[in-house]
Amino acid sequence: MSFGYRVLGFGSGGSPGFEPYDVDYLIVAGGGSGGPAPGGGGGAGGYRTSFPGGTKITLDQETIPIDVGAGGPGGVYSPAGLGLDKGLNSTITLAAGAFSSSGGGAGVNNPWGAGCLNDGGSGGGTPHQGSTAGCGNIGSYSPSEGNNGGTSGPSYSGAGGGGIGAVGVNASGSGYGSSQGSPGGAGLANSITGSPVARAGGGGGGAWPATPSPGAGVASPGGGGAGGAVCGGSSLHPGTDSLGGGGGGGTYGGPSGPHQGGNGGTGVVIIRIPAAVAPAALEVSPGTNSIATDSPTGDKICTFTVDGVLTIFS
């Protein structure tokens, strides 16, 4: 069955007499990690929504498990290699099947590792003199859940990670001291909670500058971290939690390091239940998640910032 199709009774996965609910959603996965020394920006977590005016999903059972994707840990350069990773998926588990968005790609050259770590919901940008950027929309969703990362080419600095609103920006320049880290792709603002919030911005690329620094990729709208820009410093700029922002790429930390990128931001899952069909009662767990009532519509807004469960009492 396709999501949004109403099924009654036993076929819904609920108990006898359970009435399914068609609801709006916004689901953002964890952002990808920023690469080190000087690294590409992490891609934003995959972003999918029905609000406003899109195809709703159907809550087809009383208990709905929710997984909120963690951000990828910031890349650390070491003799053993690069310790960085994609963000994790966010998922709403329904009787009809899992409904997910994909974790953001890491700010590393493609391919890196068996899983092509820079592909994701949005793709990671390439690091210092990198080649092929990460691909977005790894889940092959329509509408797309994200965009590709940028490329650095001959630049000594990193390119920006992709965001839901735009591809990551390519790094500029070709020489030491003249290269410029680039910003990540912008996120998108959405008012599913009643007020506009920008989410799923890509991380900025890190710089490898001479002094004075020509700069690194600035923070992008939607929670993407800025790239690092200070020689000899760690310059960690994580993506913003609960926005799915990509981590900022790290800068060159001098001969003794550190050379570290920022962590990706955690994702978020938001479910908006129209007042006209709202059940008798709702409960979210654990308590760090929340339920609010939108004014003036009366719609119920369930926000998950950590893994939890939505329980429907009809």
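Modeller: Begin with contacts, meaning heavy atoms within 4.5 Å. Take the contacts in the protein chain with a separation of 6 or more: 57% of them join residues 24 or more positions apart. This is a predicted model, where local features need pLDDT of at least 70 and side-chain atom pairs need 80 or more, while totals for chains, interfaces and linings use all residues. Numbering starts at 1 along each chain as its sequence is written, and side-chain values use heavy atoms, without hydrogens or water.

Of its 314 residues, 54% are buried (under 20% relative accessible area; exposed is over 50%, partly exposed in between; 1.4 Å probe, protein chains only).

Now the rings. Phe, Tyr and Trp (its six-membered ring) pair if their centres lie within 6.5 Å; planes under 30 degrees apart are stacked, over 60 edge-to-face, the rest tilted. That rule gives one aromatic pair. The partners are Y25 and F99: their ring centres are 4.8 Å apart and their planes meet at 75°, so the pair is edge-to-face. Y25 sits in strand β1, residues 21-28, and F99 in strand β8, residues 97-101. The pair therefore ties together parts that are 74 residues apart in sequence.

Next, look at what lies over F99. R48 is placed over the face of this ring, 4.3 Å from the ring centre. The rule asks for NZ of Lys or CZ of Arg within 6 Å of the centre and within 35 degrees of the ring normal. R48 also lies over the face of Y141, with 3.6 Å to that ring centre.

G181 is in the loop between β8 and β9, the latter being residues 188-190. G181 is buried, at 4% relative accessibility. From G181 to G249 is 68 residues in sequence, yet 8.8 Å in space, C-alpha to C-alpha.

Last, the cysteines. The whole structure holds zero disulfides (cysteine sulfur atoms within 2.5 Å). C302 is buried, with a relative accessible area of 0%. C135 is partly exposed, at 39%.

Notes. Helices (H or I, at least four residues) and strands (E, at least two) are DSSP runs, numbered from the N terminus.
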